[in-house]
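Look at the sequence and the structure below. The paragraphs that follow go through them part by part.

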Amino acid sequence: MGDLSEHFNHKDFKCACPECRGEGFKIHLGLVGILEAVVEHFQKPVKIKSAFWCEAFNEKQKKEKLSLHVKGKAVHFSVEGIPISEAFKFTETIPGINGIGFYPQEEFIHIDTRPVEKKDAWIKEGERYSPLTQDKRRQYGL
Ligand SMILES: [Zn+2]
């Protein structure tokens, strides 16, 4: 039992930069529920690579505006022992995810709870972000 939910702890979602020392983080509980559904489905631990970003860390990522990470509404994760493509295919069926990104090189999935009217799915290849088209899905087995 974690101190936030069955499988997660507050510390899993903190900003990882040395400047804020993880103080004052936010996390949207809807995301925690989504991650619990992933754990339950695969019966494997979910590894959170990045969740909340403080404003200083957001700036270091060279984002031109405040990302959803700063609002605690975005998470990068993988599932232990599960190919990233398999984890992606299940995750995108979970209701409430309005932004989802596939990062095959970095081996993680981005999910966020942006407003439904801004729904989006993308892939990052090298430094390039593109829409997750049917062609890309075929290419990566999604
Ligand atoms: Zn920070």
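Is Arg21 buried or exposed? The model is a predicted one, and in it Arg21 has 10 other C-beta atoms within 10 Å. A residue counts as exposed if that number is 12 or fewer, so Arg21 is exposed. Arg21 belongs to the segment before α1. Its phi is positive, near 55°, although the residue is not a glycine.

Next comes the helix α1 itself. It covers residues 29–42, which makes 14 residues. From its first C-alpha to its last it reaches 20 Å, close to the 20 Å expected at 1.5 Å a residue. The buried residues of this helix are Leu31, Ile34, Leu35 and Val38. They lie on the same side of α1, because they cover an arc of only 95° around the axis. On the other side of the helix, Leu29, Gly33 and Glu40 are exposed. After α1 comes Gln43, with a positive phi near 55°.

What covers the buried residues of α1? The cover includes the strands β1 (46–50), β2 (74–79) and β4 (108–112), as well as the helix α3 (84–91).

The strands can now be put in order. Strands of a sheet pair through backbone hydrogen bonds, either parallel or antiparallel. Here an open sheet of 6 strands has the order β1-β2-β4-β3-β5-β6, and its pairing is mixed. The edge strands are β1 and β6, each of which pairs on one side only. On average, neighbouring strands of the sheet are turned by 30° against each other, if direction is ignored.

Glu125 has Arg128 in β6 as its bridge partner. The hairpin has 2 residues between the strands, and in it Gly126 takes a positive phi near 60°.

Which residues touch the most other members of the largest nonpolar core? Among its 28 residues, they are Leu35, Val75, Phe77 and Ile109. At least two residues of this core come from each of α1, β1, β2, α3 and β4. Leaving out residues up to four places away in sequence, Phe77 touches Leu35, Val46, Lys47, Ile48, Lys49, Phe108 and Ile109.

Strand β4 also holds Asp112. Asp112 has 23 other C-beta atoms within 10 Å. The limit for a buried residue is 20 or more, so Asp112 is buried. Asp112 and Val75 are 37 residues apart in sequence, yet their C-alpha atoms are 6.5 Å apart in space. Beyond its neighbours within four places in sequence, Asp112 is in contact with Leu68, Lys73, Ala74, Asn98 and Gly99.

One more residue is found in the loop between β3 and β4, namely Glu107. Glu107 is partly exposed, with 13 other C-beta atoms within 10 Å. Its phi is positive, about 60°, although Glu107 is not a glycine.

Conventions
Residues numbered from 1 in each chain as written. Predicted model: local features only at pLDDT ≥ 70, side-chain atom pairs only at ≥ 80, totals over all residues. Helix = DSSP H or I, 4+ residues; strand = E, 2+ residues; numbered from the N terminus. Expected span 1.5 Å × (residues − 1). Arc of directions from axis to C-beta. Contact = placed C-beta atoms within 7 Å. Pairing = 2+ DSSP bridges. Core = buried A, V, L, I, M, F, W, Y, C linked by C-beta atoms within 7 Å. Axes fitted to C-alpha atoms, helices over the stretch in contact; angles between N-to-C directions.
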